[in-house]
Amino acid sequence: MTAETILYELRIAGSPEKAIHLARFFKTGPGEYGEGDLFLGVTVPAQRDIARRHTDTPLPVLHTLLSSPWHEARLTALLILLQRFTRARRDEDARRECVDFYLSHTPRINNWDLVDLTCYKLLGVWLENRDRTLLYRLAGSPSLWEQRIAIVTTMHFVRRGDFADCLAIADLLLHHPHDLIHKAVGWLLREVGKHDRPTLTAFLTPRASTMPRTMLRYAIERFPETERKEWLRQGK
């Protein structure tokens with residue numbers, strides 16, 4: 001199995017019209033968060049199909065794909081890595097190898113979909129019964145994408161009723177300057193509220209007046225309209 005084989009399949013599945021749309025959607029213009037990223041125009045379902053056909057791809061080949069300028073090559077590599085991790089359910093060494101590989105390639109996990117489609121299904125599962133100091137290190141990183149990995153990884157815990165790390169990392173990122181972190185934190189807070197509304201309310205009460213408005217809006221999205229308006233009146 002070679003990187004060229006997978007890239008060929010991605011090119012065949014791509015669409016020039018879709019590539020133009022994706023380049024705009026993922027903000028690839030000068031000064032935007034995805035500046036310079038290149039797209040082949042492949043849908044995520046098509047990438048999942050390609051990943052399923054290549055689940056035994058060696059890690060050096062995944063490294064080559066993650067080094068690619070093509071966005072879909074990087075996402076497909078991560079989807080294959082996630083499959084390797086999931087299949088190694090009873091092999092801790094194999095899982096650790098996947099986690100170490102993921103963490104060593106965070107500079108190439110450099111757009112929000114690459115983060116959101118993989119981190120909590122891999123790092124979240126790995127850290128479920130382990131020390132989670134790693135997430136706080138990522139939250140304190142100068143990298144926007146590592147910071148997003150830190151908060152989105154907590155989705156795995158939140159869905160199991162474990163909110164502590166989500167809320168703690170949300171606090172660390174509460175006044176982050178970037179909109180992508182505002183949206184991610186708000187999304188995860190909304191997930192907390194889906195499971196435990198009083199916990200979300202308790203978190204928001206002393207913070208709503210200073211947290212970014214986008215973050216607050218995402219967090220209260222499932223509240224009744226009258227309540228949403230009241231919370232937004234408190235927000236800055």
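**Exercise 1. Describe how helix 8 and helix 10 pack, and state which residues make the contact.**

Solution. Helix 8 (residues 119–127) and helix 10 (residues 144–153) pack at an angle of about 65°, with their axes 9 Å apart. The axes are lines fitted to C-alpha atoms, for helices over the stretch in contact, and angles run from 0 to 180 degrees between N-to-C directions. Helices are DSSP runs of H or I with at least four residues, numbered from the N terminus.

The next step is to classify the angle. Angles under 35 degrees count as roughly parallel, over 145 as roughly antiparallel, 65 to 115 as roughly perpendicular and the rest as oblique. Helix 8 is therefore roughly perpendicular to helix 10. The crossing of the two is right-handed; a crossing has this hand if the near helix is turned clockwise from the far one by less than a right angle, and is left-handed if anticlockwise.

Contact means heavy atoms within 4.5 Å. Helix 8 contributes Cys119, Tyr120, Leu123 and Gly124, while helix 10 contributes Ile149, Val152 and Thr153. By class, this contact has five nonpolar, two polar and no charged residues. Here Ala, Val, Leu, Ile, Met, Phe, Trp, Tyr, Cys and Pro count as nonpolar, Asp, Glu, Lys and Arg as charged, and the others, Gly among them, as polar.

**A note on the model.** This is a predicted model, in which local features need pLDDT of at least 70 and side-chain atom pairs count only at pLDDT 80 or more, whereas totals for chains, interfaces and linings use all residues. Residues are numbered from 1 along each chain as its sequence is written, and side-chain values use heavy atoms, with hydrogens and water left out.

**Exercise 2. Determine how helix 13 and helix 14 are oriented to each other.**

Solution. The axes of helix 13 and helix 14 (residues 197–204) come within 5 Å and cross at roughly 135°. The helices are therefore oblique to each other.

Leu189, Val192, Gly193 and His195 of helix 13 meet Arg197, Thr199, Leu200, Phe203 and Leu204 of helix 14. The contact of helix 13 with helix 14 holds five nonpolar, three polar and one charged.

**Exercise 3. Describe the largest nonpolar core, and list the contacts of Ile151.**

Solution. A nonpolar core is a set of buried Ala, Val, Leu, Ile, Met, Phe, Trp, Tyr and Cys residues joined through side-chain atoms within 4.5 Å. The largest one has 75 residues, and those with the most contacts inside it are Leu65, Tyr102, Ile151, Val152, Leu189 and Leu204. Helix 5 gives the most to this core, with nine residues.

Not counting residues up to four places away in sequence, Ile151 touches Cys166, Ile169, Ala170, Leu173, Ala184, Val185 and Leu188.

**Exercise 4. Are Arg148, His182 and Pro198 buried or exposed?**

Solution. Buried means under 20% relative accessible area, exposed over 50%, and partly exposed in between (1.4 Å probe, protein chains only).

1. Arg148, in helix 10, has a relative accessible area of 5% and is buried. Leaving aside neighbours within four places in sequence, Arg148 is in contact with Trp112, Val115, Asp116, Leu180, Ile181, Ala184 and Trp187.
2. His182 belongs to helix 13 (residues 179–195) and is buried, at 11%.
3. Pro198 is in helix 14 and is exposed, at 59%.

**Exercise 5. Locate Gly14 and Lys27, and state the accessibility of each residue.**

Solution. Gly14 is in the loop between helix 1 (3–13) and helix 2 (16–25). At 24% relative accessibility, Gly14 counts as partly exposed. Beyond neighbours within four places in sequence, Gly14 is in contact with Leu40, Gly41 and Val42.

Lys27 is found in the loop between helix 2 and helix 3 (44–53), and is partly exposed with a relative accessible area of 35%. Most residues other than glycine have a negative phi. The phi of Lys27, by contrast, is near 55°, a positive value.
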